[in-house]
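Biologist: Could you take me through this model, one contact at a time?

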Amino acid sequence: MPKHSPTSLDPRSPLVLDTRELPRRPGALRTVKRVVQAPSDLGVELIGVPEGADLDLDLRMESVSEGVLVSGTVSGPIRGECGRCLREIDDSVTVTIQELYAYENSTTDATTEEDEVGRLQGDLIDLEPALRDAVVLALPTNPLCRQDCPGLCPDCGVHWDDLPADHSHQQVDPRWAGLSQLTRTEE
Ligand SMILES: [Zn+2]
Ligand SMILES: [Zn+2]
């Protein structure tokens, strides 16, 4: 019985790396430069890479004794919302990837768990999980439109940038205002 089920990866899928062109000889190298469409849900709640946006892959695959080391960068646009004022954020992110994928039936395959070291499936590598981890780690959990964003006035919801410096909602309570009028009439 083979330890692994037949591969379910599609070699034409943009986030699947094909190592057939890479000799299984330690030190052999191949570069992977391609632009792919971002998968859905690549991000966190408030910010992420829009689905279908261009992701720039600039990677190299290197044969090592037990598998293939994939390293390089992935960059793409990110869009989100400021956690303080809800204004749109348009930015970009570049993440570094360095991930070892073990050959099927190698010693590494036999002695490690799949969540510690990735696995080749046949000649294919599924890059998506490592890419997701790297992007999500690089994103701010509390994104801001700018570092010193003052946020919104809690009473009227207007951005502090758009309000005069002395903006305030401290008014005389209308009931007291009425009383003071009353006092005046009595005089
Ligand atoms: Zn803001
Ligand atoms: Zn206000």
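Modeller: R84 touches L144, Q147, D148, C149, G151 and L152, leaving aside residues up to four places away in sequence; contact means heavy atoms within 4.5 Å. This is a predicted model, in which local features need pLDDT of at least 70, side-chain atom pairs count only at pLDDT 80 or more, and totals for chains, interfaces and linings use all residues. Residues are numbered from 1 along each chain as its sequence is written, chains are lettered from A and ligands numbered from 1 in the order in which they are written, and side-chain values use heavy atoms, with hydrogens and water left out.

Biologist: Where is R84 found?

Modeller: R84 sits in the loop between β6 (67-81) and β7 (88-102); strands are DSSP runs of E, at least two residues, numbered from the N terminus.

Biologist: Which backbone oxygen lies 2.8 Å from a polar atom of the R84 side chain?

Modeller: That of C149.

Biologist: And is C149 buried or exposed?

Modeller: C149 is buried, because its relative accessible area is 3%, and buried means under 20% (exposed is over 50%, partly exposed in between; 1.4 Å probe, protein chains only). R84, at 39%, counts as partly exposed.

Biologist: Turning to the zinc ion (ligand 1), what are its protein donors?

Modeller: They are C82 (SG), C85 (SG), C145 (SG) and C149 (SG), lying 2.3 Å from the zinc ion; donors are N, O and S atoms within 2.8 Å of the metal (3.2 Å for Na, K and Ca). Their spacing along the chain is C-x2-C-x59-C-x3-C.

Biologist: Why is the arrangement tetrahedral?

Modeller: Because the four donor atoms subtend angles of 105 to 112°, and four donors count as tetrahedral if all angles lie between 85 and 135 degrees.

Technical notes:
Tetrahedral: all angles 85-135°; square planar, octahedral: opposite > 155°, others 65-115°. Helix = DSSP H or I, 4+ residues; strand = E, 2+ residues; numbered from the N terminus. Polar contact = N/O pair within 3.5 Å; in protein donor to acceptor, adjacent residues only side chain to side chain.
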